[in-house]
Amino acid sequence: MASRVSICSCIFFFFLLIIFASATSESSESASPSGESVLTLDATNFSETLTKHPFVVVEFYAPWCGHCKNLAPEYEKAASLLSKHDPPIILAKVDANDDLNKELATEYEVKGFPTLKIIRNGGKTIQEYKGPRNADGIVEYLKKQAGPASYEIKSLEDAGNLIDDKKIFVVGVFPELSGEEFQNFTMLAEKLRSDYEFGHTLDAKLLPGGDSTVNQPTIRLFKPFDELIVDFKDFHVDAMEKFLEEASVPVITIFNKDPNNHPFVIKFFNSDNAKAMLFMNFSSENFETFKSKYHAAAEHYKGKGISFLLGDLEASQGAFQYFGLQEDQVPLIIIQTKDDQKYLKQHLEPDHIAPWVKEYMDGNAKPFKKSEPIPEVNDDPVKVVVASSLLDVVFKSGKNVLLEFYAPWCGHCKKLAPILDEVAVSFGGDENVVIAKIDATANDIPKDVFDVKGYPTLYFSSASGKIVRYDGDRSKEDMIEFIQKNRDTTGEETTADQTTDSVKDEL
Ligand SMILES: *[C@@H]1O[C@H](CO)[C@@H](O)[C@H](O)[C@H]1NC(C)=O
Ligand SMILES: *[C@@H]1O[C@H](CO)[C@@H](O)[C@H](O)[C@H]1NC(C)=O
Ligand SMILES: *[C@@H]1O[C@H](CO)[C@@H](O)[C@H](O)[C@H]1NC(C)=O
């Protein structure tokens, strides 16, 4: 059976797409490095390369993935700039879609594309790459990753070079650079260096604010939002990690074209919380009113399993596409839960914010389902199904339906299309068999009925409502045989079985 491809439609890539586009267009240098600076690796020479180089960045990509294609020229340019760095920083790539490299991809926990890993010391330490995706940003981030995990701050100048008011910076203040606290801090810095920047000092007066009252080991967190400086004094490694995790998330995450906000947007999407997102035009005159009401709601629900983002319409086209929203619906709030339920309140007034968030938190909001419009003309052999017609076409029609879940960018789906056409044509005279397809990236799919983890995925629903997955060969003959074997004769009254009932509930 043809290999399945994993889904790369994770939402923050849609956000990054926009940031990325603006980052590249601002860079005036021409990106035409000569030759290939990025090493191409596969399962045969992967570990050999890691042994040879103590610091390697590996991009796991798939040939069909658009974000990988966007990254490629920037990655190549960064590799060429970094080839002169001392010690060497090696940038490599692995085609994770190639069967030869599937095991590698599993070993490195590749779940979406592109995935970038920083691999040190022959594979002893593996960290997620969490830096920017434009050439200059990649270079700057990786130079830091290749240096010490924590820099010693010995002068006001050191402090000025490292700490600014646009990013998070973590400083350990110690009476001496030894002892258990210092060791634990160093361990923490090693562990989380791809997430945060770290420094340490013997003299708190050197730090912004010039505070001389610190007289015991202290972690001081500088951040560009909310309370700006936070101290912490528990040096248990887990406690420090938890502190950083919580303190580094703003009450509301701002999403606009400013790349300084980008790391917080990534954090927002990586969180396990439910996600509330208010989208509006930041230039509209009542923006400050919205912002302060939204901030109040976010403060109120802090620590209650929900995070808040405020997104500028101008930067949010990707998100609108992802959720199937229109610009004329703003100001709007959409809440997405961990299990991908969505709740929407559109044409919002500032005074709607608090009551509506409360309605959601109290479990009284109604979910919203993403659907393409029902097509007006649908007379090709393979019928187009959308989320809002799924119930009628598949479950209530009393017909035998073979349904393909596809993604517009998926190569295996394109290969399957003419075969599905032939299957549909061969059942052309048969009223009781329908061959249909649904764009699973543009329509919400009932997850407890269909397990769609890759494209294409095929399901068969018999006239009496029995649902089975089609895992056979993707050939015309096998699919026809499968349909013939599993179909029910219609016409006789069949009582809808439990599957159909649960589907109706879900829809
Ligand atoms: C690894 O092997 C592949 C072919 O199997 C080759 O194309 C590639 O250049 C090799 N990479 C290195 C760094 O030797
Ligand atoms: C250092 O971290 C370890 C592991 O979390 C912990 O057991 C120990 O108490 C910590 N030391 C101090 C001084 O907090
Ligand atoms: C946002 O509002 C400003 C001012 O009213 C307007 O000029 C701009 O076109 C709007 N942006 C979008 C994306 O609608």
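Student: How many bridges join strand β10 to β11, and do the two run parallel or antiparallel?

Tutor: In this predicted model, strands are DSSP runs (E, at least two residues; helices are H or I, at least four), numbered from the N terminus. Two strands pair if DSSP finds at least two bridges between them. Strand β10, residues 218–222, and β11 run antiparallel, and the bridges joining them number four.

Student: Which residue of β11 is the bridge partner of Ile219?

Tutor: Residues are numbered from 1 along each chain as its sequence is written. In β11, Ile219 has as its bridge partner Phe232.

Student: Which strands stand at the edges of the open sheet?

Tutor: The sheet has five strands with mixed pairing, in the order β7-β9-β8-β10-β11. Each edge strand has a single partner strand, so one side of it is left without a neighbour in the sheet; these strands are β7 (150–152) and β11 (229–232).

Student: Why are helices α7 and α8 oblique to each other?

Tutor: Axes are lines fitted to C-alpha atoms, for helices over the stretch in contact, and angles run from 0 to 180 degrees between N-to-C directions. Angles under 35 degrees count as roughly parallel, over 145 as roughly antiparallel, 65 to 115 as roughly perpendicular and the rest as oblique. Helix α7 (residues 180–192) packs against helix α8 (residues 237–247) with axes 10 Å apart, at an angle of about 50°. The two helices are therefore oblique.

Student: Which residues of α8 make the contact with α7?

Tutor: Contact means heavy atoms within 4.5 Å. From α7 come Asn184, Phe185, Met187, Leu188, Lys191 and Leu192, and from α8 Val237, Met240, Glu241 and Leu244.

Conventions
Chains lettered and ligands numbered in written order. Predicted model: local features only at pLDDT ≥ 70, side-chain atom pairs only at ≥ 80, totals over all residues. Heavy atoms only, no water.
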